[in-house]
Protein chains: 2
Amino acid sequence: MDSGNPAHQARIEIRAGKHRGHTAGLAPGYVQGNLCVLPADYATEFATFCQRNPKPCPLIGMSAPGDPRIPTLAEGLDIRTDLPRYRVFRNGELAEEPADITGHWRDDLVAFVLGCSFSFEEALLDAGIPLRHIERGENVAMYETNIDTVPAGRFRGKMVVSMRPMTPADVIRAIQITSRFPGVHGAPVHIGFPEMIGIGKIREPFLGDPPDLKDDEIPVFWACGVTPQIAVAQARPPLCITHKPGCMLITDLLNAHMAVF
Amino acid sequence: MDSGNPAHQARIEIRAGKHRGHTAGLAPGYVQGNLCVLPADYATEFATFCQRNPKPCPLIGMSAPGDPRIPTLAEGLDIRTDLPRYRVFRNGELAEEPADITGHWRDDLVAFVLGCSFSFEEALLDAGIPLRHIERGENVAMYETNIDTVPAGRFRGKMVVSMRPMTPADVIRAIQITSRFPGVHGAPVHIGFPEMIGIGKIREPFLGDPPDLKDDEIPVFWACGVTPQIAVAQARPPLCITHKPGCMLITDLLNAHMAVF
């Protein structure tokens, strides 16, 4: 069992019920992930969906059926207790928001953990690239696009993207930096022309706060982890359990170790 | 002495006077370079200028004073005979365009070879990114910018850039690809807003042909090897010898070997 690292400490506190809120800012430097738990009947199709859509669905960990552990993400991790809050969906509808899913666990459930933008945002901030939504204490703006994901079985849908406004020099640098992190959404999927990817009104995001895009800035779009949520919602599996937005899984992986070069 | 490779064969033909024209398309896959020969009195300052401005002046080879060989670029290379045509400047003014500079050589001359855009253009084309000026059989559009180079002694001036129009998806990919090639101008210096770098009329380049920039394309600007030529022209050294534009030095280095990762 690992010991002492800040990620492990944060999970212990969460497991003990001492932290029920957002995980942003907890255990800086460690990878946080999106959770999606599905019955085995849907799991292979969802794994295929992730494999075919690695930018919106970067799979960083997966459990064996019925096993709540994912030792490749953290020794001692229990996916049923180590997130601050969960969402339980039945037939695609939100049913509950429990703080523990031990009572929901079944022998046929498979847990998927997907990389999230926290990791590449940390890399951008470390490189001195300002992120407007963080400076303003807001949520990043997200949009549904006209870009089809590659379907897999019952999973399909449009790609959702997040947008960060940047100066041209920062766009070049941000493309370089995020290209190093394919496990956490990687390089942008689009820059410059929102209408080319089906975004009509940049000031009216689908999710998040309206962005502050200045005249000398370029909008930069990354594939977003909301994409698989939409694919799952329309597949309407009898049971699906996710993290509550913002209440992520904190892993023992270092963001720095996600860099491929 | 190397033997048999296409770069070596091309140099042998050029040395023998069998090829006096442009080198574009000769010895595909091999690095071609810009030549700048200066008296030793100016050489240290010019080396410093290149070191301080690596994007417009990527130094890939340098001779010892008085030595016309640069074995790190090619065994057996003679800088005095192995380019198709040269330009001789006296006090900053074009004086001659000889096909051989053996008669001009002196014990105090130092040859500098700088990487050129042919190398990264080959990498872009190999990746399936179309280059409009090549499709149209034109010269790439070049512009003087308001970006100051970092001066070194008598060498100073504005940065010259080349511009290639691309779709947003190709811009992202082109930034990734050219970032791998810092020895041949590397990543773009600007994208998107010509006026931000002092370019008033995109259809009126300083050098090259007027570009064909479409509404759904982004202009992408790379630092250009004309930059050191301007810095040298304003320094007005008593003697400076360069290649004639388009008549480059063909080296034994492979473009593929210029990639840093």
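Visitor: Before we start, what should I keep in mind about the model?

Guide: It's predicted, so local features need pLDDT of at least 70, side-chain atom pairs count only at pLDDT 80 or more, and totals for chains, interfaces and linings use all residues. Residues are numbered from 1 along each chain as its sequence is written, while chains are lettered from A and ligands numbered from 1 in the order in which they are written.

Visitor: Into which domains is chain A divided?

Guide: Domain bounds come from an automatic or database domain assignment. Here chain A has domain 1 (6-116 + 236-256) and domain 2 (118-228). Their C-alpha centres lie 23 Å apart.

Visitor: How many residues of the two domains are in contact?

Guide: Two residues are in contact if their C-beta atoms, placed from the backbone, lie within 7 Å. By that rule, 21 residues of domain 1 of chain A are in contact with 23 residues of domain 2 of chain A. On the domain 1 side, β1 (30-39), α2 (40-52) and β5 (109-115) of chain A each supply at least two residues, and α2(A) gives the most, with five residues. For names like these, helices (H or I, at least four residues) and strands (E, at least two) are DSSP runs, numbered from the N terminus.

Visitor: And how does that domain 1 side divide into nonpolar, polar and charged residues?

Guide: For the classes, Ala, Val, Leu, Ile, Met, Phe, Trp, Tyr, Cys and Pro count as nonpolar, Asp, Glu, Lys and Arg as charged, and the others, Gly among them, as polar. The side of domain 1 of chain A that touches domain 2 of chain A has twelve nonpolar, six polar and three charged residues.

Visitor: On to sheets. What is the order of the open sheet of four strands in chain A?

Guide: Two strands pair if DSSP finds at least two bridges between them. In chain A the order is β6-β7-β9-β8, with antiparallel pairing. β6 (141-148) and β8 (190-191) of chain A are the edge strands, each pairing on one side only. Further in, six bridges join β7 (158-166) of chain A to β9 (218-223) of chain A, and Met163(A) stands opposite Phe221(A) in β9(A).

Visitor: Which helix packs on that sheet?

Guide: That's α5(A), which touches β7, β8 and β9 of chain A; its direction makes about 20 degrees with that of β9(A). Axes are lines fitted to C-alpha atoms, for helices over the stretch in contact, and angles run from 0 to 180 degrees between N-to-C directions.

Visitor: Which strands does β3 of chain B pair with?

Guide: β3 (86-90) of chain B pairs in the antiparallel sense with β10 (240-243) of chain B over four bridges, where Val88(B) stands opposite Ile241(B). β3(B) also pairs in the antiparallel sense with β4 (93-96) of chain B over three bridges, where Phe89(B) stands opposite Leu94(B). β3(B) and β4(B) form a hairpin with two residues between them, and Asn91(B) in the turn has a positive phi of about 55 degrees.

Visitor: Now the two chains. How is chain A laid on chain B?

Guide: Two copies of a chain are related by a rotation about an axis and a shift along it. Copies are superposed by least squares on the C-alpha atoms of residues with pLDDT of at least 70 in both. Chain A goes onto chain B with an RMSD of 0.0 Å by a turn of 180 degrees and a shift of 0.0 Å along the axis. The two copies are therefore related as by a two-fold rotation axis. Of the residues of chain A, Gln176(A) comes closest to that axis, at 3.1 Å (C-alpha), and 100% of the contact residues of chain A recur in chain B.

Visitor: What makes up the side of chain A that touches chain B?

Guide: In all, 16 residues of chain A are in contact with 16 residues of chain B. α5 and β8 of chain A each supply at least two residues of that side, with the largest share, six residues, coming from α5(A). The side divides into eleven nonpolar, four polar and one charged.

Visitor: At what angle do the two α5 helices pack?

Guide: α5 (168-179) of chain A and α5 (168-179) of chain B pack at about 75 degrees, with their axes 9 Å apart. That makes α5(A) roughly perpendicular to α5(B); angles under 35 degrees count as roughly parallel, over 145 as roughly antiparallel, 65 to 115 as roughly perpendicular and the rest as oblique. Ile172(A), Ile175(A), Gln176(A) and Ser179(A) make the contact with Ile172(B), Ile175(B), Gln176(B) and Ser179(B).
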